[in-house]
Every structure is written in C-alpha cells, then in structure tokens.
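Hi,

Here is the structure I promised to pass on.

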Number of protein chains: 2
Amino acid sequence: MKHKKATRITIKDLAQELNLSTSTISRALANHPGISDQTKELVNGVADRLGFAPNSIASSFRSRKTKAIGVIVPRIDIDFHSRVISGIEAFAYKSGYHVTIFQSQDSYKREKEIVKILQTKMVEGIIVCLAMETKNYDHFKKLLKSKVPLVFYDRTPDSFETNKVMINDFESAYLATEHLIQQGKTRLAHIAGNQTTGIFKKRLEGFKAAIEKNGLVVYEDLILEAQHLSYQEGVDCACKILDSSIRPDGVFCANDYTAAAVIQTLNKRHTAIPEEVAVVGFSNYPIATIVEPHITTINDRAFQMGEATGRLLIQHIEEDEIDVIDYQVITLKTELIVRESTAEKRH
Amino acid sequence: MKHKKATRITIKDLAQELNLSTSTISRALANHPGISDQTKELVNGVADRLGFAPNSIASSFRSRKTKAIGVIVPRIDIDFHSRVISGIEAFAYKSGYHVTIFQSQDSYKREKEIVKILQTKMVEGIIVCLAMETKNYDHFKKLLKSKVPLVFYDRTPDSFETNKVMINDFESAYLATEHLIQQGKTRLAHIAGNQTTGIFKKRLEGFKAAIEKNGLVVYEDLILEAQHLSYQEGVDCACKILDSSIRPDGVFCANDYTAAAVIQTLNKRHTAIPEEVAVVGFSNYPIATIVEPHITTINDRAFQMGEATGRLLIQHIEEDEIDVIDYQVITLKTELIVRESTAEKRH
DNA sequence: CTGAAAGCGCTTACAG
DNA sequence: CTGAAAGCGCTTACAG
C-alpha cells in the first residue's frame, strides 16, 4: 500500500454525510439567511466532528475575493514602518483581511518586480510607501488602469494625484520651529532629510516659514542635509553646526536619531540644554525618552497612519461601485510633545 | 449599455489568438522543457502585447501550491521582531515565496484564531513566535497532525519537541556575565525578563552559572524580574538594585532598554561607568550606541534568525518527502560586543 | 513537441 | 428552505 497523503475533508464529504447538497452545506457554513438554523447547526456540528477546514483558495478563486492586501515598504525593520504596518495589520485583521508584506529595499527595480507579482490578483488592494530611488510611477499607473485599489502613505508620488495618507509635514515643522522661537531662540539650525523626498522638503519649508513669519533670519549655513538621517550623520552635522561662526541657540532635526546625536554632542561639550541650545526632533522614537535630556519631538502617529491607510484601502476595495471618488488625500494631525530638550527644567 | 468590468485576459484568450491549445500556452508560460523555444517566444510576446497577468489564485488552486508562508508574531513594532520578519521576507522573496503577517498581540485567544485562519490552506507553512500568554499548544499540535510545516523562533514551546530556531540564551548570558567578572566585578546584579518564558529563564541560569563557575556568590537580592523589560521598569529596578545593602559593581540586563535605564540612572547619580558599576545589555538595539556610555551587549542576530527560520521552513515545505526528519532545532551563534559601559575608556 | 479532457473545491444564479 | 448544474482559470496525466 502506498503512503497516501492525508486527503482533506471537503464540503462534498459533509454533503454525503448529511444527505444534503453541497449548495446547502456551502450556504450553511457561510451563515446564509435562507438556511434553517437547524440545518446550520447540523452542518457545523459535522464539520467540527470531521475536522473540516474550508479551502480558502478554492473559495477565493470562485468568489474572486482573496481578502488579502499587499503592502510594499522600503524596509520592515525601520521603526516608523514597523509601526505603520502594525496599524495596517490591526485594522485589516478586524475587517477580516490579512496582510502580505514585501520590502522594496528602497530599490526601484525591486519595487517594479513586486508590483508585477501583486498584479496576479493575489491581493485585492495595495498599500505603498515608495522606494527612495523611485522617480517614475508607470508601474503604479498600470496598476490603477486595471482598477486595483491603491493607497500610498508617507513617501508618495509627487507627479500624479492618487490616494494618499500623510501627516502635515509643513505644519509639523512650522509648529516645532515656532516652539523654539517661543523659547526665545533666534539663531535656528536645521538638520534636514534627503531633499529629493517630498516630506523632508516640506519639513525644511515649514522650518523656514516659521522663522520668516516671526521676523527672524534664516541662516542658510545652519541648514544641513543628512541623506539617511542616521545617528552618525547627526553627529557630523552637529559638529559642523556648533562650530559655525553663527552659533545657533536652537536646532530642529528632521528625525529623532539626529536629534539624539545633537544632544549627545552638546552633552560632551558641556553645553547646557535647553538654556544654551534647545533641540527638537521628529517622530517620537523610543530613544526620545531615553536620551537625557528627553527630546521634545513631533508625534508622527505611525500606528494611526497605518490604521487610516488600511481603512482607506478597504473602503476602496469594498465600495468600488462608488466610482464618483477619483482619489482621496488624508492628512493626519500631529502634535508637539514638549520635553526637557526645549522647555522643562532638567532635574 | 451597462458598465462592464474590465475582463481579464486569460490563457484561453492567448490560445485563441495563437490557434494553440491552453495546455501549450500554460506550458510555454511556465517555461516547460517540452515546448519549442519558438512557441515560447510567440506566447510570451502575445502575453505581453495583450497585457496578460496570470491568475495566481487559479494556479494555486489547481497546483495546490500558494507560495505563501504565514508568520505569527506577538507584535510587529518591536525592534527584535521587525528585524526577524525582515530576514524572513528577504529569504522568502529570493526563494519565490511571499509572507503574510499576523500579530497575536501576545493573546492566546487571538493566536488560536489566527491558526484557525491559516488552516484553510492559504499558506504552505507557518512561522511562529509564541504569544506571551500561550501555555497550551494544542492548536499547533493539530496543525502538525495535518502535516503543515511549522517552525518556531525565539519564544518556543517548552513541553513538546518541534522545529525551532533560537539563539543560545544560556551561553550568551554566561558570556556576558563572565565578561563582567573578567573586568574584576564581583557583586553582580541581574534584571531578568518574565520567568515564565524560557529564553529569560535561560538567561538567568547562564548568569548564575557563570558566577558559580567563577567561585563568586549569587546574591538573590540583586536579581529582579521585569515583566516587560521596559525602560521604565528598568529605572525602577535600577533604583532598587543600587539602593540595596549589597552594592553591586556589575549589572547584566536581559535587554538593552533596561540596560539603558540602568546607565541613565547611574549617570544621574554621578556613578562612574564602568569603574564603579559596569553594565551589559542584550540584543544590540539602536539605543546601545546612542546612550552614553555605549552599551556592551549581546548581538542577537535577529535578521539572521529570520533568514534561518525562513530557510528551515521552506526546506520543510519543499522536501516533504524527506519524512525521515522529525524535527530540527537550530541554535545560532551570538557574540558579545564590548563597548564603553564595561571596558573601554570613556573619552 | 502539442492537444483533448478532466478536475481542483468551492459559489451562485436559477428553479422549485 | 433546498437542490442541480455551471463554471471560475488554471495544470497535468494521458495520448499521440
């Protein structure tokens, strides 16, 4: 006798067992209204007893619904993205969807490959945070042409309109900068992110706008760009800024790693924070409350961004008859969390 | 005329277009050996021209291969897990698999729900890091009975043998503790993780073993348990330890958050690190090189753990005929990264 | 090297 | 409230 692979129980088996049609079994399992409660109980009972597990692939194939959404992120192991994904998964799960994840590794080539894979109807909708390299959006336009619901978050296309979820980077930077001004700071520096990326451009703009609106001077020499906003780049920028002839009394950093770097550099130089130099970060990473003094920063609400992105996508998946909406742009509120690096007395 | 949904191109359409059978089209697209190169070129050309995208659901349904693996983690937005997932995705992607992620939120109930969802043949194999609450493994045993390949990582079942990928927690803790002893430290403290979890129990055991092996005394009063190993718990434990009558000169922490907490607490008390008290952490989180002094810690190789887990699972999926292997346990090497919190001179 | 045909396990209009 | 029947888009043994 040959080794026989465990054959799975199907609705056919249940039908045979109960002398009912497969139609009835299928409907009973789906809790269809037109089936008597008695039959439903009977079916569910036998299903349990025989250890029936529905074949979701067959079901997806037939119904053309996979209940799957695809997510393309640059990298999963970046704090911001892992929190967004967590929000997406949490919302998707309670809506009966599951989430399949791909990393573009910030590569345009790989992003295109992934889009191609996702075009096979494996997923009902796609969420994307663009790869750093991506400047051409044809692969996504093709997707849209075939009516696949698509939502971008954070890093979004700049040359065409589509569904997006973002935070108000301009306003957040404006808020952060104005807070420094309110603390009496007048010579402000900024460690900026990659200026080919929209969100970092907006943060720089918000920084400048707040300064100008308050009648102060924008010192271009105090604005430095850090490609990856890493801690080490932050240290380098901090040294340059602090050694500049215009000695700054406030620094706004485009993320918390660089803010932590500025703070540690100041600490080493025994410069009083915030009295001599105040520091504001961006994102509210865990380090913001570990570094001393704790970092005043912008709460970027990554988890909520994930939830909002998931909600928007699922809405588009399920209400595709509402063809009236062309695209939707959601901007989330942020908040300034004031901590010791700008305001409170250090104990 | 009613609005007609964009009907997808199928292999039938390609067959018609080329006056070939669907069998040939299917084989040509799959690059089957028994098809002439000329035909393959022809088919691929027309497929491109008509914008054919294969229906992977139909294919999965028919071939019984989904090329999908499911991953159940407590939470995605924990640094360790996000790095493991990144490793899993990276390995899976280059092996032609994709990864669907679920968060158990450390809930036993939710973990069972997810397992039930995954039993629908949606995935070909499953990777799990157990929920904190989980003490009963029946849901996984059922999975194994139905021959679904299953691999656990990090937090693994303690009462039954199965595929696992772990680091050597005992040995790592032993190494870390012995390093403190080599620095001349004799009164050692330990901030331990939840002792109902195997890995944290092993870390405590390794800590004790190193002390005993070196002829020193284990001070039970200097061993504190922190449920979640959070920064705040770390601060609380640090205060208790430092105010104890046996003043410790070395602290081994079960993660880097609590190690950072100990360091900051020592800094506030103006206690010299490492001269008066040396500190070792665990995991090599980003904060390890941000906090001053930088933290000596164990590199837990999370990304590599993800790769190894993915490799092991896919091996089991693809070589299921190799029934000889019952289960496999892989233990990864760790390394001690020595930094200023124990050894180097602080500049 | 290519084709005819069966069938994977469901769902769903249609009929009663 | 239930059933008979068609069919989703592929893959694959079998035949030539």
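Let me start with contacts, meaning heavy atoms within 4.5 Å. In chain A, 73% of the contacts between residues at least 6 apart in sequence join residues at least 24 apart.

Before you read on, some ground rules: this is a predicted model, where local features need pLDDT of at least 70 and side-chain atom pairs count only at pLDDT 80 or more, while totals for chains, interfaces and linings use all residues. Residues are numbered from 1 along each chain as its sequence is written, chains are lettered from A and ligands numbered from 1 in the order in which they are written, and side-chain values use heavy atoms, with hydrogens and water left out.

Now for the overall build. Chain A has twelve helices and twelve strands (DSSP runs numbered from the N terminus: helices are H or I with at least four residues, strands are E with at least two). Its radius of gyration is 26 Å, well over the 20 Å that the globule rule gives for 347 residues, so chain A is more spread out than a compact globule. That radius is taken over C-alpha atoms, and the rule is 2.2 Å times the number of residues to the power 0.38. The C-alpha trace of chain A spans about 90 × 45 × 45 Å along its principal axes.

As for burial, 56% of the 347 residues of chain A count as buried (under 20% relative accessible area; exposed is over 50% and partly exposed in between, with a 1.4 Å probe and protein chains only). The largest nonpolar core has 150 residues, and those touching the most other members are A:Ile69, A:Tyr153, A:Ile191, B:Ile69, B:Tyr153 and B:Ile191. Such a core is a set of buried Ala, Val, Leu, Ile, Met, Phe, Trp, Tyr and Cys residues joined through side-chain atoms within 4.5 Å.

From there you can go to B:Cys129, which is among the residues that B:Tyr153 touches. B:Cys129 sits in the loop between β3 (125–128) and α7 (138–145) of chain B, and counts as buried because its relative accessibility is 1%. Beyond four places in sequence, its contacts include B:His81, B:Glu111 and B:Arg155.

Finally, which residues does B:Ser86 contact, leaving aside neighbours within four places in sequence? They are A:Ile76, A:Asp77, A:Gln103 and B:Phe303. B:Ser86 lies in helix α5 (residues 79–94) of chain B and is buried, at 4% relative accessibility.

Cheers
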